[in-house]
Amino acid sequence: MSISLSSLILLPIWINMAQIQQGGPDEKEKTTALKDLLSRIDLDELMKKDEPPLDFPDTLEGFEYAFNEKGQLRHIKTGEPFVFNYREDLHRWNQKRYEALGEIITKYVYELLEKDCNLKKISIPVDATESEPKSFIFMSEDALTNPQKLMVLIHGSGVVRAGQWARRLIINEDLDSGTQIPFIKRAVAEGYGVIVLNPNENYIEVEKPKIHVQSSSDSSDEPAEKRERKDKVSKETKKRRDFYEKYRNPQREKEMMQLYIRENGSPEEHAIYVWDHFIAQAAAENVFFVAHSYGGLAFVELMIQREADVKNKVTAVALTDSVHNVWHQEAGKTIREWMRENCCNWVSSSEPLDTSVESMLPDCPRVSADTDCFVILKKNSMHRPSRANFLEELPVYFQILYRSLRGQDQLPEAGCDAPLAPHQARRAVRGASATGEATLAHAPAPSSLLVSSSGLPAPH
């Protein structure tokens with residue numbers, strides 16, 4: 001008969017309880033204390049006692065993984081994809097290993113932004129002292145000097161950092177699926193300046209300093225006997241706490257504290273800071289935003305705080321699965337009207353691409369992104385409608401919005417003041433093309449969310 005590890009650990013406590021249950025009031029108090037201890041012990045936590053050390057490599061090579069020529073993460077020796085359950089029945093350890101690998105990949109993407117995309121890493125706050133916490137963003141060389149076009153990318157919430165859309169897609173699929181790199185490369189090739197925000201880098205973590213509490217007996221006027229009794233109780237309490245902590249946290253992970261970055265302590269603060277110190281100073285007449293998930297909320301907050309400036313500088317905004325809420329964020333009527341005319345939110349839906357999706361909120365049009373905005377599972381293969389389908393609609397959307405806002409074309413199916421979903425935009429372009437007023441419908445469909453340099457008319 002096999003006995004589980006947790007049973008062996010708890011057996012002495014159960015025996016003690018059985019022995020003292022027959023005693024007097026003092027023993028009953030001990031029984032109550034033991035029951036309380038048992039109620040606070042999580043068996044899953046107890047199993048940590050047998051975990052391997054939480055000591056992981058700090059390089060991809062150390063993990064024995066590398067990205068192949070297709071941008072897929074593969075095991076160096078076996079060629080197999082990443083395996084989460086590296087050790088059976090050790091979910092916590094496997095999760096810690098996954099997180100450690102994720103941190104390495106974050107640094108790897110940073111390197112790609114600089115080496116492959118030729119972006120510059122810019123430290124913020126711009127006036128930070130040497131000793132204070134800092135964050136950073138990435139910019140193309142011409143981000144502030146490009147007179148025509150600037151593309152700003154904002155990712156969502158969670159563990160992702162600058163240059164990423166989704167860490168799980170980087171690990172399980174490939175770099176093109178989970179990073180912003182294809183967007184950035186195409187933008188640069190089409191003559192855009194580029195700024196990549198880093199809204200989740202809000203603080204740095206440092207080890208919490210140990211506080212040594214001076215014993216009260218050193219300065220107390222209490223009688224010596226009373227001080228001794230109090231010290232004895234204090235030592236026993238500490239002993240019990242350490243005993244419990246040994247099982248609760250056998251790995252003795254370091255206690256950390258967070259030091260927030262000045263004026264960048266949240267995604268919303270970060271977006272406003274980057275606007276004030278970079279985007280607002282950029283020479284580009286036309287700024288385009290692409291914001292995913294919580295990035296959409298951060299943009300709306302930016303709009304609320306800098307409404308006049310945003311309206312004057314931003315031409316169009318493409319949102320994907322944005323979680324903004326104009327009611328909760330208290331966006332005014334003029335902001336909602338601007339969003340209806342200048343924004344479009346592609347959302348995860350089972351409806352065909354570009355089908356209008358009903359919304360309870362009176363802001364921008366919502367249309368289907370054809371299931372998942374990033375990746376869907378279809379039978380045994382993965383494909384990405386985000387890049388192959390709905391992103392092809394965005395250039396048309398940007399193009400028509402740009403022209404309608406400047407009164408350059410009369411749209412046959414929608415007035416200049418009407419919100420334009422991509423399917424409306426395409427019909428408008430085709431209608432105009434039939435009369436010789438536009439030729440975008442006959443141009444090759446781009447593979448990413450950008451307007452070609454020849455597609456946008458020269459700004460006035």
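## A walk from loop to helix

Begin by selecting glutamate 330, which sits in the loop between strand S10 (314-320) and helix H13 (333-342). You are looking at a predicted model, in which local features need pLDDT of at least 70 and side-chain atom pairs count only at pLDDT 80 or more, while totals for chains, interfaces and linings use all residues. Residues are numbered from 1 along each chain as its sequence is written, and side-chain values use heavy atoms, with hydrogens and water left out.

Stay on glutamate 330 for a moment. Its phi is positive, about 60°, although it is not a glycine. Most residues other than glycine have a negative phi, and most peptide bonds are trans. Glutamate 330 is exposed, because its relative accessible area is 66% (over 50% is exposed, under 20% is buried, and partly exposed lies in between, with a 1.4 Å probe and protein chains only).

Now select glutamate 263, in the loop between strand S8 (256-260) and H10. Here phi is near 65°, a positive value in a residue other than glycine. Is glutamate 263 buried, partly exposed or exposed? With a relative accessible area of 42%, glutamate 263 is partly exposed.

Next, show the bond from isoleucine 124 to proline 125. This peptide bond is cis, with omega near -5°. Proline 125 belongs to the loop between strand S3 (120-124) and strand S4 (135-139).

Move on to asparagine 200, in the loop between strand S6 (193-196) and strand S7 (203-207). At a relative accessible area of 10%, asparagine 200 is buried. Which backbone oxygens does the side chain of asparagine 200 reach? One belongs to glycine 156, at 3.0 Å, and another to valine 160, at 3.0 Å. These are polar contacts: pairs of N or O atoms within 3.5 Å where, within protein, one must be able to donate a hydrogen and the other to accept it, and residues adjacent in sequence count only if both atoms are side-chain atoms. Leaving aside neighbours within four places in sequence, asparagine 200 is in contact (heavy atoms within 4.5 Å) with residues including His155, Arg161 and Pro267.

Pro267 leads us to H10. Select helix H10 (residues 267-277) and helix H11 (residues 294-305): they pack at an angle of about 55°, with their axes 9 Å apart. The axes are lines fitted to C-alpha atoms over the stretch in contact, and angles run from 0 to 180 degrees between N-to-C directions. That angle makes H10 oblique to H11, since under 35 degrees counts as roughly parallel, over 145 as roughly antiparallel, 65 to 115 as roughly perpendicular and the rest as oblique.

Show the side chains where the helices meet. Pro267, Glu268, Ala271, Ile272 and Trp275 in H10 meet Tyr294, Leu297, Ala298, Glu301, Leu302 and Gln305 in H11. H10 is mostly covered, with eight of its eleven residues buried; among them are His270, Tyr273 and Val274.

For the last stop, select asparagine 312 in helix H12 (residues 307-313). Asparagine 312 counts as exposed because its relative accessibility is 68%. Asparagine 312 and valine 287 are 25 residues apart in sequence and 9.7 Å apart in space, C-alpha to C-alpha.

Finally, zoom out. The protein chain holds 15 helices and 14 strands, and of its 460 residues, 45% count as buried.

Conventions
Helices (H or I, at least four residues) and strands (E, at least two) are DSSP runs, numbered from the N terminus.
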